[in-house]
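Q: Could you walk me through this one before I set anything up? I'd like to begin with a helix and then move on to charged pairs.

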Amino acid sequence: MKNEDQKRNICNVEAANCQKCSVNGKLMCKFDIKDTIYFVIPVLGAWIVSVLGILHGFISGGLNTLQLIFLIFSYIGYLVFFFQVWENKILCSHCPYYAFEDEKNVKCYANYGIYKAWKYNPAPMSRSEQIQFIISITIFAGYPLIFLLLAKMYIYFIISLIISIIWIVSMHFLSCSKCPNFSCPLNVVPKSVVDDYLRHNAVMRKAWEEQGYIID
Ligand code: SF4
Ligand code: SF4
C-alpha cells in the first residue's frame, strides 16, 4: 500500500483511480471527516446527557461521593481498555485501516488516532471475537445508564437511552452500511460491494479466501 497522507487508499489501487472504481462512494475506504461527524455526534449526545444526569444525581443526593468517584475512574479505565486493548484486538486489528505497517496509529472515521497495539490480521473476525465485540459495546453504552438508574435520574436515563438507540439506527444506515471492516457483526455492506472491494485488496482477499469466503 502507498505511503501518502491521511486520505491514502486502503486498497491496492492508486488514489487517482478512485473515480473509476466500482465501489467508489459505496464504502468509507478513505478518511472523510463527514463520516466521523455522523458517527460521533449521537455518542457525544448520549454522553453529555449521562454526565448531566449523573451530576444532577450527585447534587440531589442520589449518588454519594464514593459512588461518583468509582463511576468516573472505572468508566475511564474501561474506555482506555476498550479502545486500546479489547476493541483494538477483536475488531480493529482485522480492519484494512489497521494495515499500514509504517503507521503507529489508525486513521479511520470512527477511532481516528488510536494506537495500533496489535499486529494487523487481514482474516475475518472469529465468532468469539464477534460475540466479545457485542458484549464490549453493550458495556460501553450501558455502564453510564446503570448509574443513572442508581441515582434515580429516570428522565436522563430515558433521554440517554433514546439517543443511544438513535446512534445505533444512524450507525446502521450511515456507517455500518459503508464500513470496510466487513466481518464486524454490525456490518451490513452488500456482498456485491464486499466482493468488489476484495478484488482491490489482494492481502485481505487471500486471507478471506483461506477462511472459506467465496467471491461470486
Ligand atoms: S476501493 Fe476503490 S474507491 Fe476505495 S480507495 Fe480503493 S480505489 Fe478508491
Ligand atoms: S474503521 Fe472501525 S474497525 Fe476499522 S479501525 Fe476504525 S474503528 Fe476500527
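Q: What should the 24 residues of helix α3 span, and why?
A: Bearing in mind that this is a predicted model, helix α3 runs over residues 127-150, and at 1.5 Å a residue its 24 residues should span 34 Å, which agrees with the 34 Å between its end C-alpha atoms.

Q: Where does α3 bend?
A: The bend, of about 40°, is at Gly-142, and a proline, Pro-144, follows within four residues. Both Gly-142 and Pro-144 are among the buried residues of the helix, a list that also includes Phe-133, Ile-137, Phe-140, Tyr-143 and Leu-148.

Q: And what covers the buried residues of α3?
A: The cover includes three other helices, namely α1 (33-59), α2 (65-90) and α4 (154-174).

Q: Which residue just after α3 takes a positive phi?
A: That is Lys-152, with a phi of about 60°.

Q: Switching to charges, how many salt bridges does the count come to?
A: The count comes to 7 salt bridges. One of them joins Lys-191 to Asp-195, where the closest N and O atoms are 2.8 Å apart.

Q: Where do Lys-191 and Asp-195 lie?
A: Both lie in helix α5, residues 191-199, and they are 4 residues apart, about one turn of the helix. As a general point, an α-helix has 3.6 residues a turn, so residues three or four places apart point the same way.

Q: Is Asp-195 buried or exposed?
A: Asp-195 counts as buried because its relative accessibility is 3%, whereas Lys-191, at 34%, counts as partly exposed.

Q: OK, what does Glu-209 form a salt bridge with?
A: Its partner is Arg-205, and the closest N and O atoms of the two are 3.3 Å apart. Glu-209 and Arg-205 both belong to helix α6, residues 202-210, and are 4 residues apart, about one turn of the helix. Glu-209 has a relative accessibility of 36% and therefore counts as partly exposed, and Arg-205, at 31%, counts as partly exposed.

Q: What about Lys-107, which side chain does that one meet?
A: The side chain of Lys-107 meets that of Glu-103 in a salt bridge, at 3.8 Å from N to O. Here Glu-103 counts as buried, because its relative accessibility is 15%, while Lys-107 counts as partly exposed at 28%.

Methods:
Residues are numbered from 1 along each chain as its sequence is written. Chains are lettered from A and ligands numbered from 1 in the order in which they are written. This is a predicted model: local features need pLDDT of at least 70, side-chain atom pairs count only at pLDDT 80 or more; totals for chains, interfaces and linings use all residues. Side-chain values use heavy atoms; hydrogens and water are left out. Helices (H or I, at least four residues) and strands (E, at least two) are DSSP runs, numbered from the N terminus. The expected span of a helix is 1.5 Å times one less than its number of residues. The bend at a residue is the angle between axes fitted to the seven residues ending there and the seven starting there. Buried means under 20% relative accessible area, exposed over 50%, partly exposed in between (1.4 Å probe, protein chains only). Contact means heavy atoms within 4.5 Å. A salt bridge is a side-chain nitrogen of Lys or Arg within 4 Å of a carboxyl oxygen of Asp or Glu.
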